[in-house]
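Here is a short report on a single model. Have the sequence and the coordinates open while reading.

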Amino acid sequence: SRGGPAPFRPTFTVAERRILKKGQGIYKSLCFTCHGTNGKGMAIPGGKKGDTLAASFVDNRTILGHPGMSINVVLHGLTGPVDGRTYPNQMIPMKSYDDDWVASALSYVRNNFGNRATFITPSQVAKVRKATAARKEPWTIDALRKVVPQYLGDRKKWKLTASHNSGKVGSAVDGNLGTRYDTATPMRPGMWFQVELPAAKAVSGLRLDAAGSPGDYPRGYEVTVSMDGKTWAAPVAKNKGTQPLVEIFFDHVKAKHIRITQTGSTAGLYWSIHDLQIYGQ
């Protein structure tokens, strides 16, 4: 948009509302007993203030990160401490439930209790289920983070360039959703935003958040990668954006340079990025 950031107001399609309703039913019949009606964790009867039976879902990096994190936890369970805290009730494996059930429950949690994230799909659940079919033991959080892509750190060390309004590229990675990179002119095909990492990494996804400018998401996109910034492979991902939060996933590929090209157009709206994250290992 041409003006400053506006408060984000999430809207859901009819299909998404149906998924959320199913997920809500699952949560209220099962999950709340440990995680609480407000998602902050059920208080331990007679316990100390702040002690809960299970982890809070509010702004939970396992829930809101790469879909493989939460899917693995539901399918195979989770044991041991999480970021230094041990909970009396451990997550038990729930792989007996089908892919649609798992996707609905997780989509509900990812979009309630103040959370905002893309929906988990049954196909994503099926992919993880197949890849981990031989697993017999619950995960520990450290083991899971080693095999599922996480946000790359050291964003201050990234070299950023863009086809338009390059002076504002830093606002996409400053950790402040109230600031933004924008093209300063209505979006049109061929606009690009590029990241050069300090060293080549195995990357597998991007998260583009236009939270405060909800109309400024890319109407279409292609992601290409390069080792030298000169020779670019065929796109590792391409699709249409449909909402302010766009998550793009692809198979692991080693890259030092990552370019997002905007391929759509819409009258009067900029292409904006309030926050950019890269999934990798």
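How many residues does α4 have, and how far does α4 reach from its first C-alpha to its last?

## Basis

This is a predicted model, in which local features need pLDDT of at least 70, side-chain atom pairs count only at pLDDT 80 or more, and totals for chains, interfaces and linings use all residues. Residues are numbered from 1 along each chain as its sequence is written, and side-chain values use heavy atoms, with hydrogens and water left out.

## Helix α4

α4 has 12 residues and reaches 16 Å, close to the 16 Å expected at 1.5 Å a residue. The expected span is 1.5 Å times one less than the number of residues. Helices are DSSP runs of H or I with at least four residues, strands are runs of E with at least two, and both are numbered from the N terminus. At the start of α4, a side-chain oxygen of D98 comes within 3.2 Å of the backbone nitrogen of D100.

α4 is largely enclosed by the rest of the structure, because 10 of its 12 residues are buried. Buried means under 20% relative accessible area, exposed over 50%, and partly exposed in between (1.4 Å probe, protein chains only). W101, L106 and Y108 are among the buried residues. The buried residues of α4 pack against α1, α2, α3, α5 (122-131) and β7 (245-262). Contact here means heavy atoms within 4.5 Å.

## Largest pocket

The largest pocket holds about 680 Å³ of space. Of its 31 lining residues, H35, A54, F57, V73 and M91 are the closest to its centre. On a 1 Å grid over the protein atoms alone, a pocket is an open set of points where a 1.4 Å probe fits, with protein on both sides within 12 Å along at least five of seven lines; lining residues have an atom within 4 Å of a point. The volume is the space filled by probe spheres set on the points.

α1 (14-35), α2 (61-64), α3 (67-76) and α4 (99-110) each supply at least two lining residues. α1 gives the largest share, 5 residues.

## Two loop residues

T132 sits in the loop between α5 and α6 (141-147). T132 counts as buried, at 15% relative accessibility. Its side chain makes a polar contact with the side chain of H76 (2.7 Å). Such a contact is a pair of N or O atoms within 3.5 Å, one able to donate a hydrogen and the other to accept it.

D154 lies in the loop between β1 (150-151) and β2 (159-162). At 53% relative accessibility, D154 counts as exposed.
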